[in-house]
Amino acid sequence: MKVFKLFCLLGFIFIFQSAVHSADLTFTTISDAGIKSDRIENSMTPSIKKLLSAKDNINHSGSKFVVFLGNNIAKAEKYDLVMFSKIINKISKPVYAGIGNQDIQRVKDLDKIEYYRLLNKYSKNKVSKIPCVKKIDGFVFIFMDGINETVPMPKGYFKDKELIFLENTLKKYMDKDVIIIQHFPLYNGKEENGTLYNAEPYKNLLSQYKNVKAIISGHTNSDFEGEDENRIKHISVPSLAKSGEYKVINIKTTGETVSIKTKIISVE
């Protein structure tokens, strides 16, 4: 009888540990929605139609949540931001929206604070500032910034204080699988990074940690997936406004094994 109880206890421990170290998460990523409204004709522009189609698809999908990777509007206009906000407010899944280089511009009274104030006034977006950390279904998502709000820049720049924030977060969650979300890609398969002004300090920081599993970005309007020397998977998402496409990502972990699969969805 004692032996039987021991086997039952060991079996329970094995099942419990397996559950703890297993996770299966599917979510949607949208980049460069580039919402541009027509105030004169008040008609449905192509960018609005594409986002509405994506919204309908997502609401009937198995995705747990949606991530917007920035350049959500075509240029820093409050009217278009409100339009974007009202559309994503109709998404029935949780929404996490980052920012891109076209979204904000201080001279147009749309800095990062005002951007998120308006966005969150008209939607249920769960991000109020970046950088920030969100813990979702056993994973840690780090939303990075790299955006200059004074003047739109073609490349990103991650300030020292942001890299310090990233390092402190990676230290805090060393026992968790980390996914980084940002607008500008860190790696696109080429030796020289064409989208960041300071890629090397960022790469050197990541080389010291093993818990980053993927970096998901937009900006380049192209579909790219590749693994760097640190075995981090880099995923670039096409432009919804230009190509009419977005990506669904599935991340599955079993023990120490991490599997990341993606699927392109077209709204055209």
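E114 is found in helix α4, which spans residues 112-121 (helices are DSSP runs of H or I with at least four residues, strands are runs of E with at least two, and both are numbered from the N terminus). E114 is buried, with a relative accessible area of 16%, where buried means under 20% relative accessible area, exposed over 50%, and partly exposed in between, computed with a 1.4 Å probe on protein chains only. Not counting residues up to four places away in sequence, E114 touches K78 and D109, contact meaning heavy atoms within 4.5 Å.

The model is predicted, so that local features need pLDDT of at least 70 and side-chain atom pairs count only at pLDDT 80 or more, whereas totals for chains, interfaces and linings use all residues. Residues are numbered from 1 along each chain as its sequence is written, and side-chain values use heavy atoms, with hydrogens and water left out.

H183 sits in the loop between β6 (177-181) and α6 (199-206), and it is buried at a relative accessible area of 1%. Leaving out residues up to four places away in sequence, the residues that H183 touches include D32, N71, N101, S217 and H219. H183 and G226 are 43 residues apart in sequence and 17 Å apart in space, C-alpha to C-alpha.

Helix α6 itself holds Y202, which counts as buried at 0% relative accessibility. Apart from neighbours within four places in sequence, Y202 is in contact with M144, F158, L163, L166, I180, Q182, L186 and L196.

How do the helices pack? Helix α5 (residues 160-172) and α6 have axes 11 Å apart at an angle of about 10°, the axes being lines fitted to C-alpha atoms over the stretch in contact, with angles that run from 0 to 180 degrees between N-to-C directions. The two helices α5 and α6 are therefore roughly parallel (under 35 degrees; over 145 is roughly antiparallel, 65 to 115 roughly perpendicular, and the rest oblique). L163, L166, E167 and L170 of α5 meet P201, Y202, L205 and L206 of α6.

The axes of helix α2 (residues 46-59) and helix α3 (residues 78-88) come within 10 Å and cross at roughly 20°, and α2 and α3 are therefore roughly parallel as well. In this pair, I48, L51, L52 and K55 of α2 make the contact with M83, F84, I87 and I88 of α3.

The backbone comes last. Most residues other than glycine have a negative phi, and most peptide bonds are trans. I130 and P131, however, are joined by a cis peptide bond with omega about 0°, and P131 is found in the loop between α4 and β4 (132-136). N221, in the loop between β7 (212-217) and β8 (224-227), has a positive phi near 60° and counts as partly exposed at 28% relative accessibility. R231 likewise has a positive phi, about 65°, although it is not a glycine; R231 lies in the loop between β8 and β9 (233-236) and counts as exposed at 68% relative accessibility.
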